[in-house]
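Try each task before you read its solution.

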Amino acid sequence: MAANNYDVIVIGAGHNGLVTSTYLAKAGQKVLVLEAGEQPGGAARTREFAKGYRVSAVAHLLHALHPKIIADLDLMQHGLKIADKAIGTSAMLPGGARLDITSDKVATQAAIAKFSQADSLAYHPRMERLVRLAGALGSFLLRTPPSPSPSSNDFQTKLALGMFALKLRMMGKKDMLELSRILTINVADLANDFFESDILKGLLGLEATLGVYLGPRSPNTVFNLLYRLASMDTKHGQGGHFLPQGGMGAVVDALAQAAKAAGVAIRTQAPVGRILIEKDQAVGVVLASGEEIRAPIIASSADPQRTLLHLVEPGNLDTEFLRRMRHLRMNGCVAKVHLALDGLPDVFRNAQGRMIFAPSTNYVEHAFDCAKYGRVADNPALEIVVPTLTDPSLAPSGKHVMSILSQYAPYKLRTTTADEARTQVLERTLNVLEQIAPGVKAQVTASEVLTPQDMESQFNLSGGQWHHGEVTLDQVFFLRPAASFQQYKMPLPGLWLCGAGAHPGGNVSGAAGANAAREILKDVKGRRGHVA
Amino acid sequence: MTHVQHLKPFLKKTPFHEPMSAMMHGAGWIRWQGFYSPAFYDSTQSEYMACRNGATVYDVSPLIKYAIKGKDAAKFANYLVTRDLTKIKPMNAAYTAWCDDDGRMIEEGTIFRLGENEFLLNAALHQLHWLNESAYGFSVEIEEVSDTLAGLSLQGPNARVILETFGVQGIGKLPHFGIMETAVDGHWLRIDRAGFTGDLGYEIWVKPQDALWLWESLFRTGDPLKIAPMGGHALEMTRIEAGFILVDVDYIGSHHAIRPTQRVSPMEAGIGWAVALKKDAYFVGKRALQKERADGSSRFILSGIEIEGRKPAPGAFLYADEKGTKELGLTTSAMWSPLLKKNIAFAQIPPAYTKPGTQMWIEIWYPKEKKIERSMVKCWMRNRMFFDPPRKKEIV
């Protein structure tokens, strides 16, 4: 088969794979994207889980898609619709009481004052400061991390690093000291420091641990909080949480449209079996079907373990590097629960679009305790959205879809089997929902649970970790995915990493994909210059 | 170092301990990998002369041995080591290095290819963890089998005649680094033609329960042929003459270097010939070593030097000039060779000075009449294999 006319093969048509391929195609490269699934989208797909009911498969809220990527790729022209107004967050309590946090400062203050007068005064200054600190870190989202050995950094990287340091310095002494104080600590301490009401502490506790195998009292959790908050600044994200029209799949559809318009060829149902290696170089891919496709550059948006431990056959990479890849912390701990509802209890209808059930720090910590010992949380903490409130077309008329992140359901189970875990997740999540809105159980007509094991088998996410590796201080920036290999170029010549396993990591942001495309183009130009 | 009194409760005895003990005249025991090992029996000089003129027997049982088997064994072994094992046929052995990711040498040793997918790796230091880590993804079983084999190294010009007389059929045809398995008097034997003396020699492996039989039979057969036991001190002299390097003496194994700069590449350790950069398959450290070769960034090459005079020069500095203004490197092992009548040493020398015959200066500090005196003498770059008799590889 002489199909050797692609410049670049991108593995995986998730959002990062599509972003990389579009940038490359716009720069004149001939790009082929290979996707294992039936449609592009990866973990950001919208799919039907019960007849007539559709839901975003894994990620269900848009908050981090980088504004520069939206502009560069003309995503608005390609059908991306972001609502005018971000959705608010409601911290729910058993029995239906709640605390609404919205963009309306006065109302939010009044709502908090019902729980604590002190917290209502403290809330905005404290959170705005966190967003400010996060924003300073956020400026590195769209930059290539510098190499720890200074001589191997080019001028651009050095400049970016200098600007970054300057930006941190310009925050002023107080903010800078505060950032260094809180960067590595746990969120329970931070919450105690900031607030006195359990409801706010619990909310902060879940925000900081969502998607990482850590509890509120684990060190490093403030960093994860800042990482999420970086997108709450309109410079680095959407500036809030949005429920996209048509689910997350619509975002990916816009990306796919942009890719096609730029001339990218997308082949679905084409799972890559292995990367083709000749003379110690990646020269193409072999599909699971046995078909061989060649290209001088292979960019993988699959996670680092999948890419480097499975797609690259043993014997092609060095021992210590592979050990690092094997030991990446990729312990998924969130299950996704999809419910088809006959009707929607008023408690959910009246609350803000994003509902959190994490009534206290201890509640979240106890849920983590179960996970720590390899069990599904007895009382899970939840993030709940009802996508049908913004897009009724996702369910038959009058019916609703509920999409829930149920934390914690660990990937590594001790004695529970995968099937037991799935049943437990559903049962325990419904029990919590029942506490919020008695009677809701009876309205559930169909359900689906995706445990981390399911996410691994259905979306090729190693460990069911949706960030392609936990976003903790030891696995970010120039340490992502491993020290000395942070500039998207993998040790195997010709192989690049363009997914969330590379800097700056997870969320539907596209930043890793955009950064990888920039580095690949730099490399291509460098080589062309060399030949000429 | 020769006194191991305080270690006695902890040291293990090799299967040859009893007959070695009977021949031990002095306090010659040292420890080697947790075993009693002879440094000398009576006189190092006579053991050395016996090796070069008759034949000597040295107990190599404490060597650490790893069996590597399974359907990917050949692929894995070739990935692990720097030599191209596709060129090593079954029942042949190869001397090789193995490196870390950065192409820094962890150790070197001998790998025996017993079958298409069956190998035995002999190492001086424990390597199981590294082997297991490297084996990720390969279908192989790795097992330490050190205790299942007892070995004697029979070295010296009379070694072959002794084995012939002993009853080993076809030993004359066994090529250098060849392996054969045979039986004598109903006892299983594995013999490989290699050693650490640079002379004609064989390593003979038996099951531990046959160790005494082997020792007694060899000495009975070899008595008229000047067979003698040998200790580590004499072995040290012969291996320097032969140009063989020793881990943690001539280079520091990368896993126990204190500073990263202490680690060396195989090229720097003077065994660049054992790095098959052109082999088809990738091996651990290959990209780093290719880069070192392409950039010419080897800091030094461990080479042989011949030194003026008779004063041994271990740990001596080399200079480009007599005044000692330009330092070049440092010697590691050094000795006066009684056989060659030469003052020889291994030295870390910058690649620019490694042309044979290049003259340098060396600063030797030596004791004389209760004083330490200094001498600055000439030395010349030489092939590190100072002693390499044709009989080593000869087929009869």
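**Exercise 1.** Why is α1(A) largely enclosed by the rest of the structure?

Before the solution, a word on the model: it is predicted, with local features needing pLDDT of at least 70 and side-chain atom pairs pLDDT 80 or more, while totals for chains, interfaces and linings use all residues. Residues are numbered from 1 along each chain as its sequence is written, and chains are lettered from A and ligands numbered from 1 in the order in which they are written.

*Solution.* 
- Step 1: find the helix, α1 (residues 15–26) of chain A. Helices are DSSP runs of H or I with at least four residues, numbered from the N terminus.
- Step 2: apply the burial cut-off, 20 or more other C-beta atoms within 10 Å of a residue's own, with C-beta atoms placed from the backbone.
- Step 3: 12 of the 12 residues of α1(A) are buried, so the helix is largely enclosed. Among them are H15(A), Y23(A) and K26(A).

**Exercise 2.** Find the residue with a positive phi just after α1(A).

*Solution.* Step past the helix end to G28(A), whose phi is about 100°.

Note on methods. Helix = DSSP H or I, 4+ residues; strand = E, 2+ residues; numbered from the N terminus. Expected span 1.5 Å × (residues − 1).
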